[in-house]
Amino acid sequence: MGPLSRETWAQRLGAFRASPSAFMAGPEGEDLGRDLLNELRSEKLSEQTKVSLLALSLEYPAQLWPDAAAAEAAATSLLDTLVLLPPRPSALRRPLLLAATTALAAGDALGPTSGASRRLLPLLLGLASGRDLGRGFGPASEQRPLQATACECLRELESCKPGLLGGCLGLLRSLLGQEGPVQPLSLLLALALRNTLVIQARARAGLQGLLVAGDMPAAGGPWNWTLAEEADAHLQPQAPSWPAAEEEECGLAVLEPSPEEARELRAAVAQLLDTSYLLTPVAQAQLLWLLGWALRGLRGQPPVLFKPQLVRLLGTAQLTLLHAVLALKAAFGEALFTAQDEALLLRRLTLAAQHPALPLPAHLFYLHCLLNFPENCPLGPTGEETAPLLLGPRLCRGLLPSLLHDPSALLAHLHLLCLLCAEDEEKEEKGQDWCPRHYLGELLAGLRQRAALHGGPRALATLCFQASYLVVHCLATQPTVLTPLTHGLARLYRARPALAPHFVDLLDRVGPELGEPLRTALRQEVVSRPGRDEALRWHLQILSKVADGKAPSATLGFLRAAAAHCTDWGLQQALLQVCRALLRAGVGEGLADLLQALARQLEDPDGRDRARLYYILLAHLAGPKLGVALGPSLAAPALTSSLVAENQGFAAVLMVQEAPAPMRLSVGPRRAAGPVPVLQLQVEVLEPLYSVELRFRVEGQLYAPLGAVHVPCLLPGRPCRPLHLPLQPRRPAPAQLAVRALFATPAGLTCHAHLPPLPVNFADLFLPFPRAPDGDKQGFFEELWDSCLPEGAESRLWCPLGPQGLEALVARHLDPFVVVAQPPTSYHVAIRLPPASRLLLRLEAAQGDGVPVALRTDDWAVLPLAGDYLRGLSAAV
Amino acid sequence: MAQRAVWLISHEPGTPLCGTVRFSRRYPTVEKRARVFNGTSYVPIPEDGPFLKALLFELRLLDDDKDFVESRDSCSHINKTSVYGLLVGGGELWPVVAFLKNNMIYACVPLVEQTLSPRPPLISISGISQSFELLFGIQDFLHLGQKNDTELNTKLNQLPDLLLQACPFGTLLDANLQNSLDSINFASVTHPQKQPAWKVGTYKGKPQVSISITEKVKSMQYDKQDIADTWQVVGAVTCKCDLEGIMPNVTISLSLPTNGSPLQDILVHPCVTSLDSAILTSSSIDAMDDSAFSGPYKFPFTPPLESFNLCYYTSQVPVPPILGFYQMKEEEIQVKITVNLKLHESVKNNFEFCEARIPFYNRGPITHVEYKVSFGQLEVFREKSLLIWIIGQKFPKSMEISLSGTVTFGAKSHEKQPFDEICIGGTAYLKLHFKILDYTLTGCYADQHSVQVFASGKPKINTHRKLISSDYYIWNSKAPAPITYGSLLLVRCHN
């Protein structure tokens, strides 16, 4: 592309500035960086146009030269342009230096391998030290401004690569002592000093004479990158001088310089401070921040060096200076500020926060500083805004809020007032003349009055609610504040129901201290005015937020009256939203009628459907379940159908979900009584379960189908009575029961789980015979014994005895079934096996290790089971 | 301690965007540091368009506050300073220092040299105060002697060059932009050594020193038993020292007559080299007693070239210069008003001008006025619903004047008549505007002979004094009025 005219460039730059990203995405974007560099050497363009091109490169190097290689090339080109300038005065030298510096620093190209860096750094240092660099660098008249500019460039490079100038500290000191420009050199030296100290402290190294090594790097010689590399070639978050940051975090490990180094360091700092009055106020402030940072981590460097500056600084109205003093206060605390100094600083700050000659933004910043004042002996928790101890009510008098304040000023001053009210309560009203709480009440009333203005700007309403929120936040425990606030807000709602969204927002954000009474007050406010009302939609919005189980009849009455006026979809949805809130709150009575009526009478079919759905839910779901089904996360009704949105919410809730077994079931001790065998089940649960239903199925149809067992509630750690499961065997045989559990979780979900199968043993089916007639037990037994044959079966077997002997064995396993006993040698046992079998045992003449057992049964199929049972008895223990 | 970007935005209500970016400047090397320091909480500086939109939204300067918007109107979205968080590009840009002054929004984003999450307190961010100074500096430059839009545009066009001087890399070197302008022009002068950075070049010519004391008096008068009236004097001493030499030393003493009111809350210019502790501690926070320091107030300093404010002070004079009452009663579509004003005998009865403005807010236009004044003339601005009582140069011998009358209003139309959030119902005020030359209410003066100048040649010394009113309100005593805590407290003290 050929050279462009001034106008074309102006147009191009304008388009670029309007939206850099759009321009760079367009057809001209790619060439812009290259064109710009070329045009700087064009002889057709005026210097002014070239300056505007350079200005662009100062702001958008990342867009013009997006990677390190491009940035390096650009910096090289800019330096070439600089040396090619004719030796007459030119407005381009300064911006060219700035542009080359920016390109390198912003483009990540600065480093020992970069050719442009190797050219730029010695050039800047040469200029900064006022050396004659030859005619190429312009007439003598430009030397002074270029010297300052070179210092600025070096400072920026040092900022981006800390430690870069670590080797030049001595040189900079000597320049500052000579005739160099004071401000640029002071700031450069202070920054380099601070960075060096931080890096050396991290490396646990001393200053190593860096402060006195006075020589320049030889022209063309290599630059010393050691310190910059030690700083990891990365920027590290710098040590904030604020005490809130932990010592370790700030990375300023404590550095202990040798006495000699300490003396040199003190001299350097004193040198900087002594000439600081020659700096502009903002530069003085920077110097103080940097030196404060630098000395904070150093042992044996008393901060008294700063003391002579303080009185001068405390008298000024300059924001940066007072802020810098606060930074010193935070950094050094008592070491620099005695209790009296602290009191004076606090008074000056209080004064500045209300001085009529200062602008509002400054007032607000000072007020912030007051509430975050770095006290010598802070009492309260750190990190929270508090009024400093010394800031008594008297000092605060002029800092209290007034309705005439701007919103942010009012909130800032209100916060202070709240803090005073909180303290006031702690002091238990010492009969003080002034009562901040009363003033607070009047102020809030004034804010509400303004918020109630019909047609007033929303900002006024917002301010009123922000103030209320702030007050609740600070004074949640003070009923003397909260009660009038609640009533006042309720009155505000009455006056301007259109503020409903603000009320809903407030209720969402405050705790129960205000939330509970305000809900009640607003509900009463709304339901006491039924009927057609312009504000119906606001009333419904409020009700859907505040309707709960309390006083449902009034709410339902209001809704019934309102239903007739809900003519459009939006109002109907709002109405149903309130019904939903009532459903969730567990209101049943009366609501069903209303929902039924709505399902019939609403004009919009979507509304009718939703009402019907709610009715069905109400009719079919128990309270807690309903609460969960209508969870709070309903999205705003979709425009097409509110039903769809609603369904998404609870479809999952109404389905039974498969879950891992949350309980353990086991068979407890046998009962052996009653007409049928009953299993005693013991349950342990891992989490609370509600409405538990256990279902059992017998494999192989050995028993009649089993009924389910219901338990209303099972809690972990709380023992539960054993559950009884009656069995109706079709054959006297052991079996496996498959078990499933249905239950509700605390979250309200219904779940279903398979439990491990439950074994029913042969002995679990044993029942005793009805009691034998008195006196003739033997006869009763013999009768049973005889009746088994001839259809039945007879057997004899050897029942091994354990060490406990026959008596114990019988007592443990067969006691309920013993008819005739002659302890310890002879027992006659009769067992009933449902549905219709019997098993008779004669255990007689026990020997040392066993007892011979004669057994008869009327059911031959029982015989092997009985054999296994008896043989296993001694092992069963 | 640096700025990432700075903007000037003119607020233009009623236009589609409600504003235009008039100037912006980004600092990419600072931005690079921000990315490192802020880590995962880093949010890049947006382009001008999205920034404008987000800032106007946050400052409530878009014309769309009809609906409740949670991100702006929520009660927990509390802003207690001029520092904001802006939602841009999915992140929140913070801290954005911004304020509106004379329809211009001044905004910048300082570098925070740590992570932004959790947000550090503003007091711990060194760049915050620098942001304010930069913006105040730009504001002073734009509005110093600026008369019209053309001048504003000229100055806006100078800004890029000025910031290239005053803030080349985002670190502010001098908040006094006029100084930077001079330094561009002075560039060819050979600088002697130890030149202060706040003084470019030296003065050549006849030595002279001008000192001008301007006192502003503000007042809130209620004419009520349970609310005390308040008034306060705020003084500013402006100097221009045309003296030869690099660092001439000057000492100015402010004196009070025997019955003068002590100066308090004194804030001085940074060029003042030392300050008596009595000056430093004299404060309106303390109860006044006879032992209060009453001068002379000595200010030794090395002056800059330009005119500067040597010091500010406040003072509590025993009586307000004009004491009055205002009674307004509403009767359907008209109001009855009675005003009485009395000049205190100690005050110089020679005004450059004196008038009382009586506005009627939240009402329709004035359709009819019947009135009687004991002195001066009444001007009626019907559409603005405003009466101006022109009192003129002198109060009559009795020192007391009155106005009574009936004002009738037409139907209210929201577009034309002024809305006011304070003046609801009977709440109303009149505001006094006056100026008295060669006079201060405290009696404070700078004696020509007390000015010491350590420089070659005996300078000519000019002194000026004036008193002007500022926020001088007299509230309708027949209705509630906004009060300050001081008004309540004073009554308790007096009773």
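Author: Start with the area. In this predicted model, chain A and chain B bury about 9500 Å² between them. Carbon and sulfur atoms account for 64% of that area.

Next, the residues. Chain A gives 116 residues to the contact, and chain B gives 102 residues.

Charge comes next. There are 4 salt bridges between chain A and chain B. One of the residues to look at is E70(B), which forms a salt bridge with R509(A). Their closest N and O atoms are 2.6 Å apart. On the side of chain A that touches chain B, the classes are 64 nonpolar, 31 polar and 21 charged residues. Polar contact also runs across the interface of chain A and chain B: 38 residue pairs, both members at pLDDT 80 or more.

Now the interior. Nonpolar side chains tend to be buried together in soluble globular proteins. Here the largest nonpolar core has 313 residues. The members that touch the most other members are L540(A), L559(A), L591(A), L254(B) and F299(B).

Last, the cysteines. The count is 0 disulfides over all chains. C799(A) is in no disulfide, and the nearest cysteine sulfur, that of C788(A), is 19 Å away. C799(A) counts as buried because its relative accessibility is 0%. C18(B) has 3% relative accessibility, so C18(B) counts as buried too.

Definitions and conventions
Residues are numbered from 1 along each chain as its sequence is written. Chains are lettered from A and ligands numbered from 1 in the order in which they are written. This is a predicted model: local features need pLDDT of at least 70, side-chain atom pairs count only at pLDDT 80 or more; totals for chains, interfaces and linings use all residues. Side-chain values use heavy atoms; hydrogens and water are left out. A disulfide is a pair of cysteine sulfur atoms within 2.5 Å. Buried means under 20% relative accessible area, exposed over 50%, partly exposed in between (1.4 Å probe, protein chains only). Contact means heavy atoms within 4.5 Å. Buried area is the accessible area (1.4 Å probe) that two parts lose on being put together, summed over both. A salt bridge is a side-chain nitrogen of Lys or Arg within 4 Å of a carboxyl oxygen of Asp or Glu. A polar contact is a pair of N or O atoms within 3.5 Å; within protein, one must be able to donate a hydrogen and the other to accept it, and residues adjacent in sequence count only if both atoms are side-chain atoms. Ala, Val, Leu, Ile, Met, Phe, Trp, Tyr, Cys and Pro count as nonpolar, Asp, Glu, Lys and Arg as charged, and the others, Gly among them, as polar. A nonpolar core is a set of buried Ala, Val, Leu, Ile, Met, Phe, Trp, Tyr and Cys residues joined through side-chain atoms within 4.5 Å.
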